[in-house]
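Subject: Structure for you to look at

Hello,

Here is the structure I promised to pass on, with the sequence alongside. Please open it first, and then read my notes below.

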Amino acid sequence: MNINDIYTQEGKGKTYGKANYNPLLNELIQNIDEGGQRPDFMQMVRMIESDNEQKAEASKLHGEEYSAKGVYQFTNDSVKTAKKRALNLGIDQGFISSIPNDPTMWNDKEADVMFLSNMFAATMKKKGFVDELLTKAFSNDRQSMQDLYYGVHHTAPDEATKNRVEQFMPLEV
């Protein structure tokens, strides 16, 4: 699969559909597509959420009321939201439709595209400030990484999650 399979195609040649508004998102998607190294922020979130385990399930640790699964710990409801956000960003409907609803079944590319779609579309609600956080977080600014993690990805962390953030995304390196 290549980037032309991920983004909606319009007209002649390669276009990135609605995602043209954000060069950083395009760069990250291109990097994922080419099998490049995952940015530190994304790798840290994977470690905080699941120890980077594809088959991780919160219900096995915390009980049946928890539905978070996969490397980024998407809940059943957040999978639906992320897919809608991906479509709104211009990610190809066929690509999104091919992604299983169970995050433990996602390959790395699918998980990363879903994570990025969720993060970047969420920024549209707080235009400017969160976009700046994204830029700084993906430039390895640790305070911005934590602000983005707590502000967009995990908005109600428990103490165990806060401890994992300090372990895998410490402010001081």
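Phe138 has a relative accessible area of 14%, and because that is under the 20% cut-off, Phe138 counts as buried. Please keep in mind as you look around that this is a predicted model. Phe41, at 0% relative accessibility, is buried as well. The rings of Phe41 and Phe138 make an edge-to-face aromatic pair, with 5.4 Å from centre to centre and 80° between the planes. Phe41 belongs to helix α3, while Phe138 sits in the loop between α8 (129-137) and α9, so their pairing ties together parts that are 97 residues apart in sequence.

Tyr72 and Phe115 are stacked, at 4.3 Å centre to centre and with 10° between their planes. Tyr72 is in the loop between α4 and α5 and Phe115 is in helix α7 (residues 108-122), so here the parts tied together are 43 residues apart in sequence. Both Tyr72 and Phe115 are buried. In total the count is six aromatic pairs, and one aromatic cluster is formed by Phe41, Tyr72, Phe115, Phe120 and Phe138.

Now for the overall fold. The protein has 10 helices and zero strands, so if you follow the elements from the N terminus under the helix and strand rules, you will read α-α-α-α-α-α-α-α-α-α. It has 173 residues, of which 48% count as buried. Taking the contacts between residues at least 6 apart in sequence, 60% join residues at least 24 apart.

Next, the largest pocket. Its volume is about 910 Å³, and 32 residues line it. Which of them lie nearest its centre? They are Glu49, Ala58, Ala68, Gln73 and His154. Two or more lining residues come from each of α3 (40-50), α4 (58-62), α5 (76-88), α9 (142-153) and α10 (159-168). The most come from α5, which gives four residues. By type, the lining holds 11 nonpolar, 12 polar and nine charged residues.

In helix α9 you will find Ser144, which counts as buried at 5% relative accessibility. Beyond its neighbours within four places in sequence, Ser144 is in contact with Leu133, Lys136 and Ala137. In helix α10 there is Ala160, which is partly exposed, with a relative accessible area of 46%. Ala160 is 112 residues from Ile48 in sequence, yet their C-alpha atoms are 9.8 Å apart in space.

Finally, a word on confidence. The average pLDDT of the protein is 83, and 80% of the residues score at least 70. Where is confidence lowest, and where is it highest? Helix α1 (residues 3-6) is lowest, with a mean of 55, and α3 is highest, at 96. Over residues 9-20 the pLDDT stays under 50, although the model has 24 contacts for them beyond four places in sequence.

Happy exploring, and do write back with any questions!

Best wishes

Methods: Residues numbered from 1 in each chain as written. Predicted model: local features only at pLDDT ≥ 70, side-chain atom pairs only at ≥ 80, totals over all residues. Heavy atoms only, no water. 1 Å grid on protein atoms, 1.4 Å probe; cavity = no way out; pocket = protein on both sides within 12 Å on 5 of 7 lines; lining within 4 Å. Points joined across faces, edges and corners; volume = space filled by probe spheres on them. Nonpolar A, V, L, I, M, F, W, Y, C, P; charged D, E, K, R; others polar. Phe/Tyr/Trp six-rings, centres within 6.5 Å; stacked < 30°, edge-to-face > 60°. Buried < 20%, exposed > 50% of the residue type's maximum accessible area, 1.4 Å probe, protein only. Contact = heavy atoms within 4.5 Å. pLDDT = per-residue confidence, 0-100.
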